[in-house]
Amino acid sequence: MIIKSPAIVIHSLRYGEADLIITLFTKTSGLRTYLQKGILKSKKGKIRSSLFQPLMLIEIEAYHKNKGALERLKEARVLTHYSSLHTDVVKNALVFFISDILKNSIHEEETNTDLFEYLETALLWLDSHATIGNFHITFLIKLTQYLGFFPDISQIEQDYFNMQDGVFQASSSNVHCVKGEHISRFKEFLGTTFEGSMSIRLSKSTRSDVLAMLLVYFELHLHGFKKPKSLSVLSEIFN
């Protein structure tokens, strides 16, 4: 069958001399992987390899066999042209970090319109704003809402955050219970907007601690999740 859908580029990988394996998160069909033969050497083809930079917002027509194998794109075009996402050094580092996070977090070939629209909104916000120091923290926290493990904030006044159960509590009950300055700051992010979160003041060390805690939280709740390879570059830029 032929489908037409907006899509977000998650990852692309060179295959052989001229082929490209492309992973897209589509609005209509969830996560899909495509094999485009000859795309890296073709100068006359309708589909250009430059479309598949990380987190590009594109629109595709594709042949879907729905058999778990690699699919094939019929057409692809830019859906939204970014103004700074791939040219600003800091934003570009965030692009690779977010791309790594999504590659490790989304695995289902199922429609998830809410998640797609969240990602689209977040990327457009990042592209259009200059103050972005807390963006990756807010992005990860909001992402947990769509992946099913947003923290229970009914006891948010308690000192400890139990990462294993995703709850706040008065005392430690396992090795994954943490407290401290970074947990106090973490609480400030819960329920805030991207705009609101930019006014949360964090020292470099606290920002690093909050991010490290969130990545452990993801590891505990997502099977096979690994810390992003791009984390070191991001840490250098924000520190």
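A helix here is a DSSP run of H or I with at least four residues, and helices are numbered from the N terminus. The exercises below apply to a predicted model.

**Exercise 1.** Decide whether Glu-181 and Glu-188 are buried, partly exposed or exposed.

*Solution.* The step needs two cut-offs, since buried means under 20% relative accessible area and exposed means over 50%, with partly exposed in between. Glu-181 has 47% relative accessibility, so Glu-181 counts as partly exposed. Glu-188 has a relative accessible area of 36%, and therefore Glu-188 is partly exposed.

**Exercise 2.** Identify the salt-bridge partner of Lys-227, and state how many salt bridges a search of the whole structure finds.

*Solution.* Lys-227 forms a salt bridge with Glu-219, and the closest N and O atoms of this pair are 2.7 Å apart. Lys-227 is partly exposed at 41% relative accessible area, and Glu-219 is partly exposed at 33%. A search of the whole structure finds 8 salt bridges.

**Exercise 3.** Describe the largest pocket by its space, its lining and the elements that contribute to that lining.

*Solution.* The largest pocket holds about 350 Å³ of space. Its lining is made by 18 residues, of which Leu-35, Gln-36, Lys-37, Arg-72 and Leu-73 lie nearest the centre of the pocket. Strand S3 (30-36) and strand S5 (72-78) are the elements that give two or more residues to this lining, and the largest share, 3 residues, comes from S5. Sorted by class, the lining residues divide into 7 nonpolar, 5 polar and 6 charged.

**Exercise 4.** Locate Val-233 and name the residues with which Val-233 forms a nonpolar patch on the surface.

*Solution.* Val-233 lies in helix H7, which covers residues 231-238, and is partly exposed, with a relative accessible area of 45%. Val-89, Val-233 and Ile-237 form a nonpolar surface patch, with about 250 Å² of accessible area together.

How values were computed
Residues are numbered from 1 along each chain as its sequence is written. This is a predicted model: local features need pLDDT of at least 70, side-chain atom pairs count only at pLDDT 80 or more; totals for chains, interfaces and linings use all residues. Side-chain values use heavy atoms; hydrogens and water are left out. Patches are made of residues with over 30% relative accessible area and no salt bridge: like charges are joined within 9 Å, nonpolar side chains (Val, Leu, Ile, Met, Phe, Trp, Tyr) within 5 Å. Accessible areas come from the Shrake-Rupley method with a 1.4 Å probe; for residues, only the protein chains shown count as cover. A salt bridge is a side-chain nitrogen of Lys or Arg within 4 Å of a carboxyl oxygen of Asp or Glu. Buried means under 20% relative accessible area, exposed over 50%, partly exposed in between (1.4 Å probe, protein chains only). On a 1 Å grid over the protein atoms alone, a cavity is a set of points where a 1.4 Å probe fits but cannot get out, and a pocket is an open set with protein on both sides within 12 Å along at least five of seven lines; lining residues have an atom within 4 Å of a point. Grid points are joined across faces, edges and corners, and a volume is the space filled by probe spheres set on the points. Ala, Val, Leu, Ile, Met, Phe, Trp, Tyr, Cys and Pro count as nonpolar, Asp, Glu, Lys and Arg as charged, and the others, Gly among them, as polar.
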